[in-house]
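Okay, everyone, thanks for coming. Let me put the picture up, and then I'll walk you through it chain by chain.

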Amino acid sequence: MVDENISDTSIASKAEARAAGETAATEGRFVRLMDHFRREWQIYVMLLPMIIWFVVFLYKPMYGLQVAFKDYSIFRGVADSPWIGFEHFQTLIDSDQFYRALRNTFLISFYSLCIGFPVPILLAMMFNEITHHLFKRTAQTIVYLPHFISTVIIAGIVITAFSPSAGIVNQILGWFGVEPIYFLIKPEYFRPIFIGSGIWQEAGFSSIVFLAAIAGVNPSLYESAVIDGASRWQMMWKITLPSILPTIIIMLIIRIGNLLEVGFELIILLYQPATFETADVINTFIYRQGIQGAQYDLAAAAGLFNAVVAFVLVISANTISRRLSNTSLW
Amino acid sequence: MSTMNLYSRGDRLFVRLNMLLVGLFALSTLYPFIYIAAVSLSDGSAASAGTVFWRPIGLTLAAYDYVLSEPLFWSSYRNTFIYTFGGTFVSMLIIVPGAYALSKQQLIGRRYFNLFIAFTMWFNAGLIPFFLNMRDLGLMDSYFGLIIAFACNAFNIILLRNFFESIPKSFEEAARMDGANEFQVLWKVYMPLSKPALATIILFCMVSRWNGFFWAMVLLKDEQKIPLQVYLRQVIATLSNDEEFGASLLNYTYSAETVTAAIMVCSIIPVLLFYPFIQKYFNKGIMLGGVKE
């Protein structure tokens, strides 16, 4: 009995002491926090404009994504327009145009991946085999250049070069007796032209990453291969290529993660109703329906679909890359 | 590897063939520029007939005369400079202090701020919500709107933050002893030490501003405010379909083709002038770009 009493009081006093200690600790933490802000307020001031910018220009639109589930009217605004659930998504699923845009997005991405992805790798390997420094530097300077040229100019060049009357392509075809073809209104030519101009613009610049990887290959591998009498051709395929394989895999994963990112700006500049069949992708669909056609809610629904699929792709790509190479992309 | 005499005959053949292929690729990259330049300097009738290949046919500056006498060309050129320099300046004003703050260990919630920035690389609300937001903010059709709306991106911030983090703390200690505050430490210690990273980001910003057209096309209605790329797009779209213009050309030595080519050349020239600087830094930029959190 006595013992219990003693233990009771001791427990009580312990609890009291703990409570008192906690208040002191909270107060202490609060004081320390205030002290921290008094001392370090400047870095928070520095951070603030950037955080505000992200909230206003990137996170507020995410809140605005709710128009995808609403019957949006300009006069009522984003918040006050009535909810209609998944109606827009139903409309999209039932629409041939959206299906066409989805199919074109994946097809254009897939073709440019298959055709465009190996080009910069080959180019980097070929640059590596050039021993003439001035030639190498000049060639690199030239092939990097189109990356810095505006999409509008690329489109202008394509339109001029493929024009039926004035274009050089039809001139050359004319030498072989081919009648002038109006390439840009033929659906069957759109994808080759689009993918080709993409390779022309980006292959050179994309090779930089692979050149950097090649620069990191251990030179002793080549030295021992030379002693073994390997030819340069053999070294290129049996040493260089396997050595940069990790980089190739990472770049491939990034590309797959960005599969939905088709260069829609160039498409907007090059496509016409006659080529929508093969050229219209999700983003051009959104642009036409939403910004040109003022069907903001429907277009936002298409955009949300796009963003969610892209998010899943990027996250899975990163997870895969982390598993494979221990190098996650962020 | 540089001892040429070690090469076998097969190797020498391989090296030459390789050079030939790379040379051809470089030529085919360069060719469209030569073609456009030649068209812009050609007689309109020759350009329309498609007889221009390498060099101007019937050399004339008529297309440039026409382009340079267009008030809209000059205003759009001026606007492009405003968007490029103004936009890059505003970007730096926000990005540099922000990235500096994020690089500081003592920042409470640093992890969450980083995630807050990086998340926007994976998920984006898309065109329409962004567009509606711009309209709600009343930023349509204004210089300020176009400049501020594209001031930041997560990639540049992370790149710069990583660079700041890599600078040893010992550099700032002397400045702190002298009583420098954070702004002074950033300005006097970090900025001078980060020149390569800053140059890279400035170049990224400037190149994307100079070339950007989509949002300028969507957000700007007033012709007096459009940048060069939007003007060029309008010219391409109207000249090639405009019968009136086509008919009016009969008396002139320029044509739709030579005029668009001339505008394209005018837009490329500043990029070419700037290109040596770009080249100096973008290699480093790519290396810095090994983005990690």
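How many helices and how many strands are there in chain B? If you counted 15 helices and 0 strands, you got it. Before I go on, keep in mind that this is a predicted model.

Let's stay with chain B. It has 293 residues, and 39% of them count as buried. Now look at the contacts between residues with a separation of 6 or more: 71% of those in chain B are between residues 24 or more positions apart.

Let's zoom in on one helix, H6(B). Is H6(B) mostly covered or mostly open? Mostly covered: 8 of its 10 residues are buried. Reading along the helix, the buried ones are Leu127(B), Ile128(B), Pro129(B), Phe130(B), Phe131(B), Leu132(B), Asn133(B) and Met134(B).

What comes after that helix? H6(B) is followed by Gly138(B), which has a positive phi, near 70°. Then, in the loop between helix H6 (127-136) and helix H7 (143-149) of chain B, we find Asp141(B). Its phi is positive too, about 60°, and Asp141(B) is not a glycine. Here's the background for that remark: most residues other than glycine have a negative phi. So is Asp141(B) buried, exposed or partly exposed? Asp141(B) has 14 other C-beta atoms within 10 Å, so it counts as partly exposed, which is the class between 12 or fewer for exposed and 20 or more for buried.

Now over to chain A. This one has 16 helices and 0 strands. Out of its 330 residues, 36% are buried. For contacts in chain A between residues at least 6 apart in sequence, 67% join residues at least 24 apart.

What about the overall dimensions of chain A? Its C-alpha atoms fill a box of roughly 115 × 70 × 40 Å along the principal axes. The radius of gyration of chain A is 30 Å, whereas a compact globule of 330 residues would be near 20 Å.

Chain A also has a loop residue to look at. Where is Ala294(A)? You'll find it in the loop between helix H15 (282-292) and helix H16 (296-325) of chain A. Ala294(A) is not a glycine, yet its phi is positive, about 60°.

Notes
Residues are numbered from 1 along each chain as its sequence is written. Chains are lettered from A and ligands numbered from 1 in the order in which they are written. This is a predicted model: local features need pLDDT of at least 70, side-chain atom pairs count only at pLDDT 80 or more; totals for chains, interfaces and linings use all residues. Helices (H or I, at least four residues) and strands (E, at least two) are DSSP runs, numbered from the N terminus. The radius of gyration is taken over C-alpha atoms; the globule rule is 2.2 Å times the number of residues to the power 0.38. Two residues are in contact if their C-beta atoms, placed from the backbone, lie within 7 Å.
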